[in-house]
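Visitor: I have a model to look through with you. Can we start with the ligand and then move on?

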Amino acid sequence: MLSIVLPTYNEAENIPVLIPKLREVLRDIPHEIIIVDDNSPDETWRIGMEVSKDMEDVHVVRRVDKRGLSSAVIDGFLSAKGDVLAVMDADGQHDMNLLPDLYKAVIENKGFAVGSRYIEGGSVGEWDERRQLISRVATKMALALCKVKVKDPMSGFFALDRAVFEGALEKLNPKGFKILLDLLVHAPKGTSAMEIPFTFSTRLHGESKLSWKVQLDFLEYLYDVTIGRFIPLTFVKFCMVGTLGVGVHMAAYLSLARLLGGGEQLNVAGFSLAVIGATEVAIIFNFSLNNIWTFANQKLKGIGAIKGFGKYNVACILGAIANWAVSTFLFSRGWVELLAVFIGAITGVLWNYSMNRMITWRK
Ligand code: GDD
Ligand code: MN
């Protein structure tokens, strides 16, 4: 059986056109059609349900707490019953007449069958220069990663054997649009893959959801599956935030010192107070930026954010003590002063990262 997933976001105008045609194309193949909609504002899910009211082969999954093409496809595959799984844009851009061929190819090769724009006979159709360039560069970068090679690893039109999907499932990264690439990266070496050419047509209605955010997700993904295996991206971001935080700390210290001293030199008590104040300002800054950027996909909100902020403070105090202890210890052992301070600071950063990863933004 073929299970075809149609991920949708604001495709209410396209679904009523697409579904009857698709059923016609698939009439000789045992199949099910699964629409996975992310609670589209145009109510694609409702249109999907209305259109398919009397169709046993069409199902609608409405997700209210998630957004994203890749994760929609994964959820669609998870609810599928077929031994061959496939995906296609729900906007008419993919040539549905190829589905029977993709299906047969997977039955035979037990691997992938990809609708390809980049082999003889295929084409990207009417794309502007900019999008062509972005797609070509992205494809080149992506190809370097794949264990299973195809000419068009970024295609959104493909089919695969259920077992291949299940084998890769737990390693998949649901960010962004690159579901095929992700599957090709995680499928075992030697999995067969064949390509069938097609021309990418223009949308029936509506507009593309491939935003700059999706393109950024793609770059993050490339990092995640290469260097990210050794140095997590969240750690790199955490360090960047920390570096900015040092600037914030200095600026806050200078303003507080001016405020407390009224232009005069501070005494020791005044100095400590300014440093403590500046530290808290930096902590607030770092916490906020880490929460909305570094750990964006685990963003804490409401009460959770307040609790998280408390934990973050605790973790950072411990980090400061770790920093102090290490640098003082090294210094007392006769290490060069600045080296001791530096190693202390690095210890603090590593400590803060690990502690916050464990207690504030726990996976
Ligand atoms: N559920 C869900 N959630 N569906 C989504 C989301 C989302 O967040 N974002 C997009 N979709 C759906 C769209 O409604 C459409 O049916 C399909 O996913 C593809 O999105 P498009 O917005 O049509 O993307 P595109 O045509 O610009 O990009 C195509 O080419 C890319 C390669 O250049 C797609 O085929 C991509 O998959 C492909 O990577
Ligand atoms: Mn499309």
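This is a predicted model: local features need pLDDT of at least 70, side-chain atom pairs count only at pLDDT 80 or more; totals for chains, interfaces and linings use all residues.

Visitor: Which residues come nearest to ligand 1?

Guide: E11, D38, R67, S208 and K209, out of 26 residues around ligand 1. A residue counts as near if one of its heavy atoms lies within 4 Å.

Visitor: What does D38 do with its side chain there?

Guide: An N or O atom of the D38 side chain is 2.7 Å from a nitrogen atom of ligand 1. That is a polar contact, a pair of N or O atoms within 3.5 Å. For Q93, a polar side-chain atom lies 2.7 Å from an oxygen atom of ligand 1. T8 uses a polar backbone atom, 3.1 Å from a nitrogen atom of the ligand.

Visitor: How much of ligand 1 does the protein bury?

Guide: 96% of the 740 Å² that ligand 1 exposes when taken alone, by the Shrake-Rupley method with a 1.4 Å probe.

Visitor: And the shell by class?

Guide: There are 11 nonpolar, six polar and nine charged residues. Asp, Glu, Lys and Arg count as charged, Ala, Val, Leu, Ile, Met, Phe, Trp, Tyr, Cys and Pro as nonpolar, and the others, Gly among them, as polar.

Visitor: New topic. What is the volume of the second largest pocket?

Guide: About 1000 Å³. A pocket here is an open set of points on a 1 Å grid where a 1.4 Å probe fits, with protein on both sides within 12 Å along at least five of seven lines; lining residues have an atom within 4 Å of a point. The volume is the space filled by probe spheres set on the points.

Visitor: Which lining residues are closest to its centre?

Guide: V246, H249, T279, N323 and N352, of 28 in the lining. The largest share, eight residues, comes from α10, a helix being a DSSP run (H or I) of at least four residues.

Visitor: Last one: is N39 buried or partly exposed?

Guide: Partly exposed, because its relative accessibility is 28%, and that class runs between under 20% (buried) and over 50% (exposed). Phi of N39 is near 55 degrees, a positive value in a residue other than glycine.

Notes:
Residues are numbered from 1 along each chain as its sequence is written. Chains are lettered from A and ligands numbered from 1 in the order in which they are written. Side-chain values use heavy atoms; hydrogens and water are left out. A polar contact is a pair of N or O atoms within 3.5 Å; within protein, one must be able to donate a hydrogen and the other to accept it, and residues adjacent in sequence count only if both atoms are side-chain atoms. Helices (H or I, at least four residues) and strands (E, at least two) are DSSP runs, numbered from the N terminus. Buried means under 20% relative accessible area, exposed over 50%, partly exposed in between (1.4 Å probe, protein chains only).
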